[in-house]
Amino acid sequence: MLAGCGGSKPKPNPEAGTIADPLAYDATRQHEFEARATAGLTPVLVEKSPGGVMATARRVARLRPMIERAAAGGPVDADTLEALVFLESAGRPYAQAGKLEGAAGLTQILAQTATGLLGMHVDLRKARKAKTARALRRADDRFVPAKALAGTVRYLRFAKQTLKRTDLAIASYHMGVGNLQRALSLYGTADVPYAQLYFDSTPLNHASAWQLLYGLGDDSSTYLWRILAAKRLMKLWRSDRPGLDAVIAGSSAPLAGAPRPLARGHSLRFPSGAKLLPKAATVAETIGTDVQKISGAAPLTIRAASGRTFYVSRIYRSHRQAVAFQFMLDRLSALSLIDWGRRFDLIGVTVR
């Protein structure tokens with residue numbers, strides 16, 4: 001069975017090739033959506049951690065006593081603040097994202113936010129002239145770990161007071177409170193979990209909210225999931241090194257069933273005789289159906305398919321079709337159903 005877009009919501013059964021409808025959010029399964037998003041974004045952190053996950057975890061763990069002091073009595077616990085450090089700077093106190101005016105320090109605070117909202121000392125003129133780490137710390141509080149952590153806690157406290165929810169406060173750390181308030185306004189209510197805002201906003205449902213989140217274009221919409229993924233990695237580093245090794249290796253459980261042909265009628269073109277394992281075939285068919293439903297353009301073209309992997313042509317019928325396909329890739333990744341990557345004129349999709 002295929003859980004059809006916009007229809008009923010049968011319980012997913014991957015063994016039979018059934019997957020959750022990527023365009024349907026179910027509030028009774030919020031924690032499952034959050035867990036899937038955490039698993040789905042974990043490979044991104046594994047790939048991008050400077051020096052690797054193990055090196056990042058060791059750097060961050062050395063800061064744990066300072067993190068615990070900063071988090072005491074704050075709006076988030078030490079594990080969450082630690083995850084933010086993992087994600088933002090990989091535990092490097094002098095990390096910079098470009099110029100000094102931009103994000104800098106252990107928790108990557110913008111210079112304008114530091115001075116305008118958080119009451120931190122930032123003298124950009126002196127910081128630019130600093131020749132030593134000591135001089136830089138004197139000129140810019142963002143490079144003093146304890147002060148950076150304190151500033152981040154102040155921001156999260158302000159965000160929680162404004163947004164009334166801890167998950168929304170964390171999500172706002174990257175996109176900003178104003179952008180998140182705007183997204184919630186477009187969605188129609190401010191009193192929802194971030195999981196609902198994210199998964200219930202699609203090109204076909206709460207489209208204005210989805211467009212705002214999609215339009216940010218800087219991974220802001222997945223920030224909460226990456227924080228949860230960083231928390232997961234730090235927990236594994238401390239308590240389950242074999243489990244962490246497996247996550248780093250990216251091993252996936254074997255998919256059940258025998259390969260089957262792709263079914264006709266799902267807005268896909270594919271080679272004659274193409275076969276995929278049942279869950280992979282269902283994912284491909286879901287992508288084809290939903291991309292057509294979103295874009296009105298058909299069909300996508302699969303150039304090759306085998307086992308759990310298929311390759312989709314990057315020659316699209318329209319820009320709208322390209323956007324719809326990107327939405328499906330992002331959403332299925334966030335649901336921990338696929339990994340994907342660009343290969344010249346193809347998108348390779350591997351089903352987990």
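This is a predicted model: local features need pLDDT of at least 70, side-chain atom pairs count only at pLDDT 80 or more; totals for chains, interfaces and linings use all residues.

Reader: Turning to the nonpolar cores, how many residues does the largest one have?

Author: The largest nonpolar core has 103 residues, and Tyr194, Phe199 and Phe310 have the most contacts inside it. The helix that gives the most to this core is α13, residues 223-239, with ten residues. Another core, of six residues, lies apart from it; Leu100, Ala104, Leu136 and Ala139 are among its members.

Reader: What is Phe199 in contact with, leaving aside its neighbours within four places in sequence?

Author: Beyond those neighbours, Phe199 is in contact with Tyr25, Phe33, Ala37, Trp225, Arg331, Ala334 and Leu335.

Reader: Back to α13, then. At what angle do the axes of α13 and α14 cross?

Author: The axes cross at roughly 135° and come within 6 Å, α14 being the helix of residues 241-249. Angles over 145 degrees would count as roughly antiparallel and those from 65 to 115 as roughly perpendicular, so α13 is oblique to α14.

Reader: Which residues meet there?

Author: From α13, Arg232, Leu233, Leu236, Trp237 and Ser239 meet Arg241, Gly243, Leu244 and Val247 of α14. By class, this contact has five nonpolar, two polar and two charged residues.

Reader: Now the strands. In what sense do β4 and β6 pair, parallel or antiparallel?

Author: Strand β4, residues 268-269, pairs with β6, residues 300-306, in the parallel sense over two bridges. Leu268 stands opposite Leu300 in β6.

Reader: How many bridges join β6 to β7?

Author: Four bridges join β6 to β7, residues 309-313, and these two strands run antiparallel. As one example, Ile302 has Val312 in β7 as its bridge partner.

Reader: Which residue in the hairpin of β6 and β7 takes a positive phi?

Author: Gly307 does, with a phi near 65°; the hairpin has two residues between the strands.

Methods. Residues are numbered from 1 along each chain as its sequence is written. Side-chain values use heavy atoms; hydrogens and water are left out. A nonpolar core is a set of buried Ala, Val, Leu, Ile, Met, Phe, Trp, Tyr and Cys residues joined through side-chain atoms within 4.5 Å. Buried means under 20% relative accessible area, exposed over 50%, partly exposed in between (1.4 Å probe, protein chains only). Contact means heavy atoms within 4.5 Å. Axes are lines fitted to C-alpha atoms, for helices over the stretch in contact, and angles run from 0 to 180 degrees between N-to-C directions. Angles under 35 degrees count as roughly parallel, over 145 as roughly antiparallel, 65 to 115 as roughly perpendicular and the rest as oblique. Ala, Val, Leu, Ile, Met, Phe, Trp, Tyr, Cys and Pro count as nonpolar, Asp, Glu, Lys and Arg as charged, and the others, Gly among them, as polar. Two strands pair if DSSP finds at least two bridges between them.
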